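Please have a look at the model first, and then read on.

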Amino acid sequence: MLGRVYTASLLGVEAKLVEVEADVSHGLPFFNIVGLPDPAVKESKVRVKSALQNSGYAFPASKRVVINLAPADLRKEGSGFDLPIALAMLNAGKILKSDHLKTSLFFGELGLDGALKPSPGALIFALLAREKGIDKIILPSPNAREAAVVEGVKIYPASHLAQVVEFLNGELELKPVSSSLDELFQKAGDYEHCLSEVRGQESAKRALEVAAGGGHNLLMIGPPGAGKTMLSQRLSGILPELGAEEAIETTRVYSILGLLSNDLPLITHRPFRSPHHTVSDAGMVGGGVYPRPGEISMSHNGVLFLDELPEFKKNVREALRQPMESGLVTISRALGSISYPARFMLVAAMNPCPCGYLGDSHHICKCTPRQIHQYRSKISGPLMDRIDLQIEVPAVRYRELTGESSGETSAQIRERVKKARAVQKERFKRSRIYCNAQMSNRQIQKFCAIDDASHQMLENAVDRFGISARGWSKILKVARTIADLEDQENILSRHISEAISYRILDRAS
């Protein structure tokens, strides 16, 4: 007797359709799962057996049971195969009708009592079902709203194996769950932090606006307590709101990690990730025996903030270089390679010296020039070249702290940023990029033409400060963004001048 149901297996941010076949035949008692199962899938044998018996269904203990997960060359991992394996066995035993099995997809972990427990990847499985023309997904209730974000697929939540069997046999009605993207975005509300709460630091706020306007990376250098962390936390609030496509892209990563719930079925705000400086390279870029996304992928379409940048391990810092350029991270293991999205804005903060008080008029710096050089040289030249804006964040004066806040709100700045991004979207509509920071050398030549006065200013800066070729292109990209924020078609000399002012480490060297 043969039973067959469909499920899916995660492969990076995608999913592959898996056919679960169960063969229950006479012979010596035997129960095995084939098709490259990982340890969690192999352990399904114990969970499925107990779940079937405790749900009132007979387990064929005296028969030969073989479960095949096809395609056999695709590695299967996770506990979400419990439910489809149990259903395939019931289908083989003629307990379960097969009318709806060909047009349905199942996944979920089973408790020993038959209760359905959530499994990661519901959103990705729903996208796969829509692509393959499967019109129904039956899954654990806690995963329902996450999967319901995808239109065109009916999502049926269940809390117990018996409910699924009775529903498929027409003995019980399960109501499909629906989610409206518009409602989810409306419920999200505005960002918690606002730039108007930051006292002083007007030049740093301007740099944040420029960074947001073109998607540029930013480094803030200043003494402890100057407000570097406070400023960085408010960058997400001045970026353009996530669109529906970007939200689903971002939610894919969190779905893999099982970080979504019915209360948070969709990531509607741009992520802000701030890992501690003790994070490992696998924690930052992703990894493991079965590679999982890291912090840079969880920052996709958002902000990755690295406080105390020199304190991060060298291999962690250097691992950021390739994803910062490509917007993608590829993790290669003996079992294969998996790519995760990693298009993020890097915002980093550091002190000007080991003690933190170099240049502070209220504190005495006791660091030697050698110590200062060693501290700053922890940030390699190639990594520093990939940071478009380098700004100084001085200590805030008492008058600025006690005075009334008169700065612009995040919403006001966000409107200017959105207009600049709209110009860039139109400019790059025939390309696969979204903002100025992603321009190639050919696009820089096309869209960043400058006049003779600007050429002379830029030449003097390159010769005087020893700016690299990559630094030169960063200046042009930033100048293009400043012009966009002013709604200027051409880059003017004042735009070049401001862009050069954001390279303080080049000037310091």
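Strand β11 (residues 272–273) runs parallel to β14, the two being joined by two bridges; strands pair if DSSP finds at least two bridges between them. Helices (H or I, at least four residues) and strands (E, at least two) are DSSP runs numbered from the N terminus. This is a predicted model, in which local features need pLDDT of at least 70 and side-chain atom pairs count only at pLDDT 80 or more, while totals for chains, interfaces and linings use all residues. Residues are numbered from 1 along each chain as its sequence is written, and side-chain values use heavy atoms, with hydrogens and water left out.

**Around strand β14**

**Aromatic pairs**
- The structure holds five aromatic pairs, where rings of Phe, Tyr and Trp (its six-membered ring) pair if their centres lie within 6.5 Å; planes under 30 degrees apart count as stacked, over 60 as edge-to-face and the rest as tilted.
- One of them is the tilted pair of Y156 and F167, at 4.9 Å centre to centre with 40 degrees between the planes.
- That pair links strand β9 (residues 154–158), which holds Y156, to helix α6 (residues 161–168), which holds F167, 11 residues apart.
- Both Y156 and F167 are buried.
- F272 and F305 form a stacked pair, 6.0 Å centre to centre and 25 degrees between the planes.
- This pair joins β11 and β14 through residues 33 apart in the chain.
- F272 is partly exposed, because its relative accessible area is 27%, whereas F305 counts as buried at 1%.

**Helix α3**
- Helix α3 (residues 82–92) is mostly covered, with 11 of its 11 residues buried.
- Just after α3, K94 takes a positive phi of about 65 degrees.

**A charge over a ring**
- R427 lies over the face of F428, 5.8 Å from the ring centre (the test asks for NZ of Lys or CZ of Arg within 6 Å of the ring centre and within 35 degrees of the ring normal).

Technical notes
Buried < 20%, exposed > 50% of the residue type's maximum accessible area, 1.4 Å probe, protein only.
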